[in-house]
Amino acid sequence: MPFAWIVPSAVWLVLHFSAESCRRGAESAGRAAMVCPNGNATASSASAIRPGTNVTLSCHLRASGPRCRAAIFLNDSEQIRKQGNSVSKTFLVTTYGIHAFKCINICSEHKKKLVCGIDIECGNPPDEPRNVSCVQNGTRGRPTCTWDKGRVTYLYTAYGIELSNGTGSFPFPEETPHQELGSGALSRLDFDSNYTVVVLASNKLGNSSSQPFTFTLMDIVKPHPPRVSVGFDNSSATTCTLSWHDEARAQHYRLRYRPLGRPGAWSTVELFGREGYRIQGLEPDTTYEFQVSCRILPGRGLWSDWSGSRGRTPAAEPSGILDLWYRQQDLDSGHQNLSVFWKALSKAEAGGRILGYTVTLEALERGELPQSYQRRQTRFSRVTPRVAHRVTVTARNPRGSSRPAAIVTRPGSPGLPPPQRVSAVGLGNSSIQVSWSRPVGAALPVEGYVVEWAEPRGEPPQHSWVKLPPSHLSTVIAEHIRDNVCYQIHVSALYQDRAGQAAAVRGNSTAQAPSAGPQMFATPLASGVLVSWEEIPAAQQRGCITAFLIYLHRRDRQGQPEVHAVPAGNSPLSLHIPDLEPEEHLDLWMTAATAAGEGPQGNSDSVCLERAGSWVTLVLVCSCFILLACVCSVPPGRKVFQWLLSLLLPQWQSKAIPDPANATWAKSLRAAKEELSAPSSPSLPSGFEEPETSPVEESWEHPEPPIPGDKPVVGSAGSRGHGDWAQEEQQLPELYQRLLLEPPEPEYISNPGTSALSPGSDTEPEPISVFPSAFPTPAPWCQGNLTLDRVKLDCGSFPG
């Protein structure tokens, strides 16, 4: 062995065993003592003890005043005080660590002097070092041994390595002490010797040593990881070549590889004496992680750490064919909505990342050219004529396209019945069992079945299906199935190259009671209440709704409310509750239920039914007003209504006001005025007498006012003994002025717009317009006779 490490090792052994002999001599005495200038401190035990040991501490002071006392402090806490120069006390030590005992001379509370002291350590002897191993990293590294120390000692503990090669022993101290693990480096070793390592441990409470560990240098050398390179051949997307090199020239190798991001999917290969390997069967267009490890001899030595390298395989043309299916929905007699779905290829079949899909649509029996469409999603929908179509779909990646998958769709399937007695049972664990029986009355033999399922109102809708042979009458669906979600399931039979009618059913894997109730609306009717509601949002249904429950409570009655159950499914979202009492206050609310139970109630509503009579009266009145408005909106109807109204009104309502200018009293008034303003005339009476009633004939056929300067045309009317009250046309303007300036106060005025006939007259005289500017134009239907016994006019009734 080299002299450079023999001398330090010998020095360490001499010092270690000298200290050990001295420590054992102190322990044999069984006491620890400390001699100080002013006194002594003595312990009944050694300076290191185990937990649960009784320690008696004694203090002796060399000189003390008459008023001074001797005291013992433990960790700065006074334990006992006694008059005189000596004091002692016994302590039970139960905690690990250093316990400081001090002897104090106390002459007053403010005058304390430290005389002497002693430290007692409480800990454990060292455990036997375990799991000793030695490793040399690389062929030129330095061996290092490691071990487990065991429990904590709480005392200073020395560890060392004793190495022997059959001719001598060589100590090596511990390096970089650690509380739990120990390690120490050895000198360089050779490949021709056998070595034995023993780890020694020592502290004040005892010694221990490990079991011997025997090895050769070949057994403990750990080579460095090999350097790896990966090569890909573009002609084959599933093959690559690995090559590596290591400095130890090892003879035993192992390699492993996996797609990146797939833990636990390692594929391992073990090789001997080779530095390269060709891997086949890889997935195209996939990033792989490759690792290689080695050891010097087969079956001997330590494996190196894994080296790391990554590479991506090139893409390949898609090798699979898409699985297609379709759905048809008739829009009218000549058009339909055609939806085509397909399943994405597996990664091995896709040959790489799929960039998109090409959909070709060809209308059969129409002689049209096929139309192509590009899609990135796995579905296609288009409005087409209701004829048979041939649909082909291909998938493409950077290297090419897959073989086309084709399907023929035919409009309508009236002669192809659906399967019978379709049912769905939840199995839990995100799976549903669907069962059915064979179709009845099919014109063609059944060649298989298709089961489809989709989440209602999914965004985007996740459409899944499975094709089964004709011998299968049930299946368990688990693809894209979530718990507490209701799925729409359709089962169709396959007849030759097309599908028959589909039978529908709802199903869920598991269900819980709904988390919310429906939002309802109550509308009172004459015969009851119409209750309508909205669907619960899918996230709050938590399974398939089996029934809606309507609760009806009468406020004036005691007891439980009435419950009306409405099965869920294809039923309308409304219910008419008949035979309810009028003028009764009703409270209504709703809940929904799944197979797991009933959920909470939604909103509530209150209604009160009116009596039927009041409703009928209101309806009749409104109908009459509406009918009247419609009749009066056209001229013929308006005339009929006016004629009927004239028959219903009192008789005096239909009489018109005659023209006062034609009355007898008007001529008398004129004569009286002239008599007051001029000499008496023998042709006029000297006094005014109320004239008798005169018939007046009027006409309203000329509503336009006369043009200034024109003379009104006045007709004649009969009188009873007074003659004509208008003798000349030129006298009318003056008479009108006098009437307008000084008219007598009217005593009674009937409705305007009527014509008067002379007594005994059989024919209606020609009407005239007497007051075209003073009176409003009356309606043409208002006509009749009026006898004026007394008329008084007020000038304030006429416009100036």
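Cys116 is buried in this predicted model, at a relative accessible area of 3%. Its disulfide partner is Cys36, with the two sulfur atoms 2.0 Å apart. Cys36 is buried as well, with a relative accessible area of 15%. The torsion about this S-S bond is about 60°, so the disulfide is right-handed. The bond links distant parts of the chain: Cys36 sits in strand S1 and Cys116 in strand S9, 80 residues apart.

A disulfide also joins Cys68 to Cys107, at an S to S distance of 1.9 Å. Cys68 lies in the loop between strands S4 and S5, and Cys107 in strand S8, so the pair ties together parts 39 residues apart in sequence. Cys68 is buried, at 7% relative accessibility. Cys107, at 28%, is partly exposed.

Further along, Cys486 is bonded to Cys544, S to S 2.2 Å. The torsion of about 95° makes this disulfide right-handed. Both cysteines are buried. Each lies in a loop, and the bond ties together parts 58 residues apart in sequence. The count comes to five disulfides. With the bonded cysteines numbered in sequence order, the pairing is 1-6, 2-4, 3-5, 7-8, 9-10.

Nonpolar side chains tend to be buried together in soluble globular proteins. Here the largest nonpolar core holds 24 residues. Leu322, Trp325, Trp342, Val391 and Val393 touch the most other members. Strands S26, S27, S28, S31 and S33 each supply at least two core residues. The largest share, four residues, comes from S27. Beyond its neighbours within four places in sequence, Trp342 contacts residues including Leu322, Tyr357, Phe380, Val393 and Trp465.

How values were computed:
Residues are numbered from 1 along each chain as its sequence is written. This is a predicted model: local features need pLDDT of at least 70, side-chain atom pairs count only at pLDDT 80 or more; totals for chains, interfaces and linings use all residues. Side-chain values use heavy atoms; hydrogens and water are left out. A nonpolar core is a set of buried Ala, Val, Leu, Ile, Met, Phe, Trp, Tyr and Cys residues joined through side-chain atoms within 4.5 Å. Buried means under 20% relative accessible area, exposed over 50%, partly exposed in between (1.4 Å probe, protein chains only). Contact means heavy atoms within 4.5 Å. A disulfide is a pair of cysteine sulfur atoms within 2.5 Å.
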